[in-house]
There are 2 protein chains.
Amino acid sequence: MIQRPRGTRDFGPAEMAKRRKVEQAMRDVCHRFGFGEVVTPTFEHSELFTLRSGQGIIDEMYVFKDKGDREMALRPEITASVIRFYVTDMSTSPKPLKLYYVGNCFRYENPQSGRYREFFQLGAELIGTKTPETDAEVIALAVNCIRDAGLENFVVRVGHIGILKSLVREQIKDEQTAAEVLRKIDKEDWDALGDMFDAKVLPRQLFDKITSIADIKGGVEELNNLEDSESTRHLKEIFEVLKLYGIDDAQVDLGIVRGLDYYSGMVFEIDAPRLGAEKQVLGGGSYTLSELFGGEPVFSTGFAIGIDRVVLASEAEREIQVEPPLDAYVIPAKDDMRKYAFGIVARLRSQGLNADVDLMRRTMSKNLKYASSVGARFAVIVGKDEMAKRSVTLRDMKTGKQELVLADEVGSAIAGSHG
Amino acid sequence: MIQRPRGTRDFGPAEMAKRRKVEQAMRDVCHRFGFGEVVTPTFEHSELFTLRSGQGIIDEMYVFKDKGDREMALRPEITASVIRFYVTDMSTSPKPLKLYYVGNCFRYENPQSGRYREFFQLGAELIGTKTPETDAEVIALAVNCIRDAGLENFVVRVGHIGILKSLVREQIKDEQTAAEVLRKIDKEDWDALGDMFDAKVLPRQLFDKITSIADIKGGVEELNNLEDSESTRHLKEIFEVLKLYGIDDAQVDLGIVRGLDYYSGMVFEIDAPRLGAEKQVLGGGSYTLSELFGGEPVFSTGFAIGIDRVVLASEAEREIQVEPPLDAYVIPAKDDMRKYAFGIVARLRSQGLNADVDLMRRTMSKNLKYASSVGARFAVIVGKDEMAKRSVTLRDMKTGKQELVLADEVGSAIAGSHG
């Protein structure tokens, strides 16, 4: 028997109904915030991703040569593609550009809970502006996406990479040492940073300051403990606008330091604590990337949501409710009523109802069992008497209640009754 | 500058709005017909596709080895994956199973008009039954998808592969010769078939009969010229049910002979003549496939629609109409009104409107120009006077008409006006 590839998944109709509901809720939020959808290719020249994330990412990607011997990679993320699209085709569009995407990404790693080799992301990029309200707008979009996806328990943490970055660059004049320190901060490798302090490369005062800043986590009042700087003022303004947007429970977290090379200012993450170790459902921040791809530098702020984890987290809180897939299942009692039944089902569908009909010429009891197993709200039974009266017997599959309804009225009878 | 890979595309917001509208219309039809969505992996063991389509397809696929040295392929089609999913996980589900999918497929060929290396398909598979009404149901689903996608000019052609197949198998007792003849019919290589007749392998009477059957194309009345057989009775019944489903313009075409190994009964195609040489937007038929993947044989009927071609064909008829992406663009006249403006935009969004706000602290005239360039229906202007009166100035971007509206009422004023 041929199996699906390791680390990938198949999704059946019941699961897809839930996933599409979550996805659609997030798409609706993107539209409400004025973001327009973009779609980019599933594979790109692998250079696109190594330029953004470094050569190390090669080992985590599905890489293949095309017949022209060009190295391609299945995309591990979509931000790089969106910015590449911006550079090649949209750089002269009116700014700001507000773009979002929904797509599959690929990562060659060992499958484990919440991590798959093919996974799904929804993300947004706001291109061409760098005001605090820009960052707040993107955070607000993210929070509204997560909220409208149905999640109740989540934590928004917002930091600013410029605070540690400018501190290190001011205090360490030797560029190589500064870069080395930043790399260790980026990896959150505090032990290695301590070694640098022990080896007297890093002054005690600076080491203490770095670790104390990275430790600042908590309510917005934590910002008052920071020295005044462009970065702290920027961060304070972000929290002010978030409040005007009705978001007053975002946390300060200056320990968010990943991607120092890449992110330039605000960084933020959203966690769903119920997911345990793999609790992060979203990561983002402000960055510049276009110049790496041969474009003019342009400020951008964006994020990516792990749709799989949002669905997992949402289901952990409560089952995602979806409509029954089928409003009506039409059953001809005998062969003579078959044609009449096809007319009925066609009419129900033309009225916008989700309707099905016996296609296997089965007995009444087998048909009723099938209607029940696929979750039809009603069985629409057509026998000899019903046909003679231009009627049907409408059976509520939940209560078992049956009534005779004129064929002309069965659609509105079903539409009017909400299961 | 890094380019997108050859033969692939980027889609911007204006194009995606149209594509999603077409896609959603077709999804709605699938749901009305009782089909549920499935999603399968983007790559599969390449064996899955060679088992269905033969080794020849290797050259047309993107193939790569994973780190366990297993040969994978980006899917060239999705039917094989759906049936593989059926075999591994759904074979005991109540029958019939009605499944549909929307996804990207990959084909390594020279890019040309309407053919891309990454392209998009919507398809359906009805698994577990083989009655004529099953085939009619699938054809009706296809026709309704194409119709609701917005296409007006299209031709539905329905044939039956069993007619030629059983004729050849009855008349030619030597199995190898029969297979050879069928292969030539499959390739529509009438010259080579003529050579077999010239070489006296194929009797004149049979040769004439094959070509005359393959030539049968036209209205449903063409079926009356056929000898009675199980296949012709089956085909007649399909057309009868189609009529009950309100589809009375489907054509008979016994020349549809591709995939003789694969299809077992009814075959059908839909063309959009406006597309010229690449006019086929849909192909399908009834088949058995599960036994190739290690499952029990099961009858299935399905089709795949080329979404790219449907969008092209639809646009060739008339521009696909979509809603303006933005209902309102909020502009603070001065810095003092900025916070007030954020409150306004947040409220408009919470009322379900698509709303945006100045994030670049621009002048009024630049903001109005931007609002116009992104196609906002209204500009919502907040100046000192407006703020004092808890109001805004609502400007219709089409007519230029302005009026003072209470902040509490601007949402309903915009919602009530349809651009």
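**Interface, symmetry and local backbone geometry**

The two copies meet through the same surface, because 100% of the interface residues of chain A are also interface residues in chain B. The structure is a predicted model, in which local features need pLDDT of at least 70 and side-chain atom pairs count only at pLDDT 80 or more, while totals for chains, interfaces and linings use all residues. Residues are numbered from 1 along each chain as its sequence is written, and chains are lettered from A and ligands numbered from 1 in the order in which they are written.

Chain A contributes 73 residues to the contact and chain B contributes 73 residues, two residues being in contact if their C-beta atoms, placed from the backbone, lie within 7 Å. On the side of chain A that touches chain B, the largest share, 6 residues, is supplied by H3(A). Helices (H or I, at least four residues) and strands (E, at least two) are DSSP runs, numbered from the N terminus. By residue class, this side of chain A comprises 36 nonpolar, 20 polar and 17 charged residues. Here Ala, Val, Leu, Ile, Met, Phe, Trp, Tyr, Cys and Pro count as nonpolar, Asp, Glu, Lys and Arg as charged, and the others, Gly among them, as polar.

Chain A is superposed on chain B by a rotation of 180° with 0.0 Å of shift along its axis, at an RMSD of 0.1 Å. This is the relation of a two-fold axis. The superposition is by least squares on the C-alpha atoms of residues with pLDDT of at least 70 in both copies. Among the residues of chain A, Phe64(A) comes closest to the rotation axis, with its C-alpha at 2.9 Å.

A cis peptide bond, with omega about -5°, links Lys95(A) to Pro96(A). Pro96(A) belongs to the loop between helix H3 (79-90) and strand E5 (97-106) of chain A. In chain B, Lys95(B) and Pro96(B) are joined by a cis peptide bond with omega about -5°, and Pro96(B) is found in the loop between helix H3 (79-90) and strand E5 (97-106) of that chain.

Positive phi values occur at two non-glycine residues discussed here, Glu188(A), near 55°, and Arg361(A), about 55°. Glu188(A) lies between helix H6 (175-186) and helix H7 (190-198), in a loop of chain A. Arg361(A) is placed in the loop between strand E14 (355-357) and helix H12 (364-373) of chain A. Glu188(A) has 14 other C-beta atoms within 10 Å and is partly exposed; Arg361(A) is partly exposed, with 14 other C-beta atoms within 10 Å. A residue is buried if 20 or more other C-beta atoms lie within 10 Å of its own, exposed if 12 or fewer, and partly exposed in between, with C-beta atoms placed from the backbone.
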